[in-house]
Amino acid sequence: METKVVILDLDNLDRTAIEDAGKVIRNGGLVAFPTETVYGLGANALDDIAVKKIFLAKGRPQDNPLIVHIADFNIEYLTTEIPEIAKRLMEKFWPGPLTLILKKSQIIPDTTSAGLNTIGIRMPSNIVARELIKAAGVPIAAPSANVSGRPSPTEVSRCIEDLEGKIEYILGGEKCDVGLESTIVDCTVEPPCVLRPGGITLEMLREVNSEIYIDPAIMKKPVGDFKPKAPGMKYRHYAPKAPLKIVQGDLQKTIAKINEIVQNYIDENKTVGIMATDETVNFYKNGIVRSLGSRNDISNIGKNLFEVLRGFDDLGVDIIISEAFEEIDFGVAVMNRLKKSAGYDIINV
Ligand code: TXA
Ligand code: MG
């Protein structure tokens, strides 16, 4: 299949391209498009056959439900019940990086919800995403636009790398602002539960309801029945090709430990990538060092994380070692993705 790629100028949106891409969605095809979190791979959420194509293009497990993206607050037809707390969260955080899990209506095919009786709904703030949804005239089911298991794309070049030839259209915008997938809050339980941390932090959610909590299973390695509630959170995920290890603890000790590990690998003729920060980058003597940004700006670290992982894939390093971050505010989302990328291989110092 020939994939049409159009990079949009955000100051002067190409209406024809957006209308064309909207038509592709309406007619049952697939379009990759930017959102403020990561790039999405969209299909008509109400079209069972179109949604199946997403699973095929990504190589995604069938039991992993999709998020439905909408551009206006009229969501009554998608759900059977909108609890008061969901209304308050929508008012405060939509449009933006927040997905709400609600009871689904009959209009949503089982393929979209992977057979669950609930559905994730999100209103993105990204202008291209919103215009595309409006042009399509239907809600858009969209997982991240990567081949299943790989780090999510935050730049259009990565969508092209993973999906060219497999889908009809790729719309490009600028680098994704948040860089990590949306926060998911299950509003079908009382109190609501965070199934995936993201740009809307627990602290922000608790301003609306102080009882909201994070699913305790998502920050630890899944064992036995102690499994995350969001089906997608149980897979090894966001993973670079090379194995990734995290060194966690005091920063001076972290640097010493990473230098020691790197030396051991170099002695075995291995190439090592180091995920450092602006504050530490000069303390690593060997290996290929990349900074995720300043420790004083955790938002920027989250924004760069997936692209730095993909960059190490490009270089074909044998192993990647990363520093850790404090698990507060947006750092919870950053550490969640980092730990999953590492398959929970963490060295404490
Ligand atoms: O930021 C985002 O949410 C991006 C952009 C494209 O909008 N999308 C995204 O989709 O991250 P995806 O498919 O990569 O991740 C969806 C996650 C999975 O972990 C899935 O299991 C969970 O949401 N999920 C979807 N529907 C659910 C439901 N009804 N109940 C529990 N978890 C659900
Ligand atoms: Mg994904």
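Where does ligand 1 sit? In this predicted model, ligand 1 sits in the largest pocket, where a molecule counts as sitting in a pocket if more than half of its atoms lie within 2 Å of the pocket's grid points. A pocket is an open set of points, on a 1 Å grid over the protein atoms alone, with protein on both sides within 12 Å along at least five of seven lines, whereas a cavity is a set of points where a 1.4 Å probe fits but cannot get out; lining residues have an atom within 4 Å of a point. The model is predicted, with pLDDT of at least 70 needed for local features and 80 or more for side-chain atom pairs, while totals for chains, interfaces and linings use all residues. Residues are numbered from 1 along each chain as its sequence is written, chains are lettered from A and ligands numbered from 1 in the order in which they are written, and side-chain values use heavy atoms, without hydrogens and water.

The largest pocket holds about 700 Å³ of space, a volume being the space filled by probe spheres set on grid points that are joined across faces, edges and corners. Its lining has 44 residues, of which Arg 60, Asn 64, Pro 65, Ile 184 and Arg 196 are the closest to the centre.

Around ligand 1 itself there are 27 residues, the closest being Thr 37, Asn 64, His 69, Ser 182 and Gly 232, with a heavy atom within 4 Å as the criterion. Strand 7 gives the largest share of this shell, three residues, where strands are DSSP runs (E, at least two residues) and helices likewise (H or I, at least four), numbered from the N terminus.

Oxygen atoms of ligand 1 lie 2.7 Å from a polar side-chain atom of Thr 37, 3.0 Å from one of Arg 122 and 2.9 Å from an N or O atom in the side chain of Arg 196. The protein covers 97% of the 680 Å² of accessible area that ligand 1 has on its own, as computed by the Shrake-Rupley method with a 1.4 Å probe.

The structure also holds one cavity of 30 Å³ or more, and the largest cavity has a volume of about 60 Å³. Its lining includes Thr 183, Val 194, Leu 202 and Asp 329, and the elements that give two or more residues to this lining are helix 7 (202-206) and helix 10 (331-341).

Methods. Polar contact = N/O pair within 3.5 Å; in protein donor to acceptor, adjacent residues only side chain to side chain.
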